[in-house]
Amino acid sequence: MDKRTILAIVLSMLVLFVYQTFFMKPPPKKPADPQQKEAVTAAPTAPTAPPAAKEAAAAPVLAPAAKTDAAPQATVREKDIPVETDLYTAVFTNRGGALKSFKLKGYRTELPQERRYTLDALLGPLGFKKTVDRPALPVELVYVQDGMSRPLNLTFPESTVDMPAEGVYEADAGSVDIVKSPDRNRLTFSQTLPSRVRVEKIYTFQPGKFAFDLEVRVHNLTAAPISQKALMSWHQFVDPKAETDSYTHEGPIVYVAKAIDRQEVKKIDKEKLFGPDVSWAGFETKYFIASMIPQNPSLTSLVVSRDSRNLISTSLSGPKNTIPAGQAGLFGYTFFLGPKDHGILKAQGVGLENAIDFGDWLKWLAMPMLIILKYLNEFVKNYGIAIIILTILIKILFWPLGNKSYESMKAMQKLQPKMVELREKYKDDKQKLSQETMALYRAHKVNPMGGCLPMLIQIPVFFGLYKALLYAIELRHAPFFWWIQDLSAKDPYYITPIIMGATMFVQQKMTPTAGDPMQQKIMLFLPIIFTFLFLNFPSGLVIYWLFNNILSIGQQYYVNKKHS
C-alpha cells in the first residue's frame, strides 16, 4: 500500500470522526416502559408490588420505620397529627416527632373586628380612618420557616447511637382529641435503627392544662451496653424586620440556679452555655412563653445559639444514661406552652412565674397591686374601672403624706421674701448663707425636704404599678370603654395622654413654688415632656396617671383653701 493510499484512509477516518462527533445528531432515546421505570424506582426487594405499593415506593425514602429488628423496612410519608384540647390546638409531624403548630384557643393576635375601630364612623369624615383588615387569629407559639428545624426536636449527640434529627417516625394514631375522648390522651412516635436502637416519644396531654408531658424511651437492641445523652431543642425563627418596642423581650429565657437570664437575640453571636441546675428554659414574648422543663434540673445544662437565618435554638442537655443490652433508658420532660399568667405559671411548681418581668425588686410591689386589681375586676368586670378604683385607694393611702407635702411647699413659699433677703445679704459668703438659711427653717419649723420626700416615697409605688400594668396579660385586649378597647396598648387616638398632660399643667399651676422664676418656667415644661413620654405607654397606665392627677388637683385645692 503506497503512501497516497494510506494518507487517503487516514483522512477519511478523520473526516468520519469529526462528522460523527460535531455534526451528526444522536438518535432520540426510546422512552422507558412505565413498568420498567417503576421497577427501577421501587425497592429491589419488591419488584412485583401492587400499584399502591409502587406509588409508596416511588415517594422519597425519608427514614426506616420498622418496629422490630426483623421487620421489613418500609417507606413512610411525612404527615401531620392534630391534637385537640379545650385550651389549644396542636399539630405534630411524624418527621422527628416534632411540633409543627401550637395555637391557643383563648387568645387572639388582634382584637375582634367589632371592637377594633369604634371611632371610624365619627372620625372617618375627618380623614382619620383607622380600619385595617386583619383577622383575629389564634395566637401561634410555633414560628419557623420552611426548611428549618421544628420545636421539640430530639437528638442524641455524644452518644453511642445518634438518631437522625429529621428522621420519620411512625405514629400510633392519626389524631388525638381529648375533648371528645378524654381517655385517649396519648400520642406515641417510634423509630427503629435495626439491630441498634428503637426510640419511642410518648406525649401525654391533660384537659384544662397548657402543660403536657413527654417520655422518651430508648430501647437497646444490641448485645452490649450503650450510653445515650439526650438533647431536647426548641427552635424559633425571629424576624429581624419585625416591629418591637423598647420594653418587650422576645427571645431565649432560662431559669438557672434560681435566677432568670434573658438573652438578646442580636447579641447571640456564638453558642452560650448555661448550667447545670437549669429548672426550665425556652422562648418568650411579652405575654406568652414556650418552655421546656427537665425532670433532673441539677444535672441539666442549656445551650443557646443562633444561625445565619436567625433561627434561635435553646437546647436542654441532660446526663448520659447507660442502657444495658435488651433494656430501655428513660428521658422525661414537661412542656408548658401558654400565657404568662402568674397563677397558671406558679401552679407548675418550678418557678415559671419568674418569667413575668416584674423586676427583682419591684415585684414585691407589682404583685400585690396585680392581685388587688384582679380582685376588683371580679366585682366591676372592667379592668379600666378597676384601675381607677385602685388609683383612689392608693391616693387615700398616701393622703396624709400628700397633705404634708403641699403644706410644706406652702410654708416654703411664705418664706421666699426672707430667703431673698438672706441671699442678697450674704451673697459673698456661702457658708454664712447656709447657716442663716437653716436657722430660718428651724425658727419657722419648716423642713426643706418636706415637700419632695412624700412624693419620693410614692415613686416606687408608681413603678410597681407600672410593671404590673405593663406585663400583666390580664390587661391584654381588656376593654375600658368607647375607643379604648385594649388597656395593654397605647391610646390609638392619643386622647388620654393629652388630657393627662393638661391635668398635669393645671396641677403645676396650683402647686406652690419656692424656686426662682426660671425654675418655675422649667417646671411648666414637665407636662409637655410627660405628655410625649406617655403617648406610647399602655392606656391602662395613662388612665392611672390621669386620675391620679385629677385627685391630686382636688387635694391641692383642699390644702390651698385650708391655708388661704
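Let me start with a definition: a salt bridge here is a side-chain nitrogen of Lys or Arg within 4 Å of a carboxyl oxygen of Asp or Glu. With that in hand, the structure holds nine salt bridges. One thing to keep in mind, everyone, is that this is a predicted model.

First, the whole chain. There are 564 residues, and buried ones make up 44% of them. The secondary structure comes to 15 helices and 21 strands. The accessible surface is about 31,100 Å², with 60% of that belonging to carbon and sulfur atoms. If you take contacts between residues at least 6 apart in sequence, 66% of them join residues at least 24 apart.

Back to the salt bridges. Glu84 pairs with Lys105, and their closest N and O atoms are 2.7 Å apart. This pair links distant parts of the chain, with Glu84 in strand E1 and Lys105 in strand E3, 21 residues apart. Glu84 is partly exposed at 26% relative accessibility, and Lys105 is partly exposed too, at 31%.

Is Glu284 buried or exposed? Its relative accessibility is 1%, so Glu284 counts as buried. Glu284 meets Arg262 in a salt bridge, 2.6 Å from N to O. Since Glu284 lies in strand E16 and Arg262 in strand E14, the pair ties together parts that are 22 residues apart in sequence. Arg262 is partly exposed, with a relative accessible area of 23%.

Glu284 also forms a salt bridge with Lys340, at 2.7 Å from N to O. Here the partners are 56 residues apart, with Lys340 in the loop between strand E21 and helix H6. Lys340 counts as buried, at 6% relative accessibility. Through shared partners, Arg262, Glu284 and Lys340 join into one network.

His249 sits in the loop between strands E12 and E13. The side chain of His249 makes a polar contact with the side chain of Glu284, at 2.5 Å. A polar atom of the His249 side chain also lies 2.9 Å from the backbone oxygen of Gln263. Among the residues that His249 touches are Arg262, Thr285 and Lys286. As the cut-off for buried is under 20% relative accessible area, His249 at 13% counts as buried.

Next, helix H8, residues 383–397. The buried residues of H8 include Gly384, Ile387, Leu390 and Ile394.

Ile396, in helix H8, is exposed, with a relative accessible area of 56%.

Finally, Gly540 in helix H15. Leaving aside neighbours within four places in sequence, Gly540 is in contact with Ile387, Leu469 and Leu487. Gly540 and Ser488 are 52 residues apart in sequence but 6.3 Å apart in space, C-alpha to C-alpha. With 0% relative accessibility, Gly540 counts as buried.

Key. Residues are numbered from 1 along each chain as its sequence is written. This is a predicted model: local features need pLDDT of at least 70, side-chain atom pairs count only at pLDDT 80 or more; totals for chains, interfaces and linings use all residues. Side-chain values use heavy atoms; hydrogens and water are left out. Buried means under 20% relative accessible area, exposed over 50%, partly exposed in between (1.4 Å probe, protein chains only). Helices (H or I, at least four residues) and strands (E, at least two) are DSSP runs, numbered from the N terminus. A polar contact is a pair of N or O atoms within 3.5 Å; within protein, one must be able to donate a hydrogen and the other to accept it, and residues adjacent in sequence count only if both atoms are side-chain atoms. Contact means heavy atoms within 4.5 Å. Accessible areas come from the Shrake-Rupley method with a 1.4 Å probe; for residues, only the protein chains shown count as cover.
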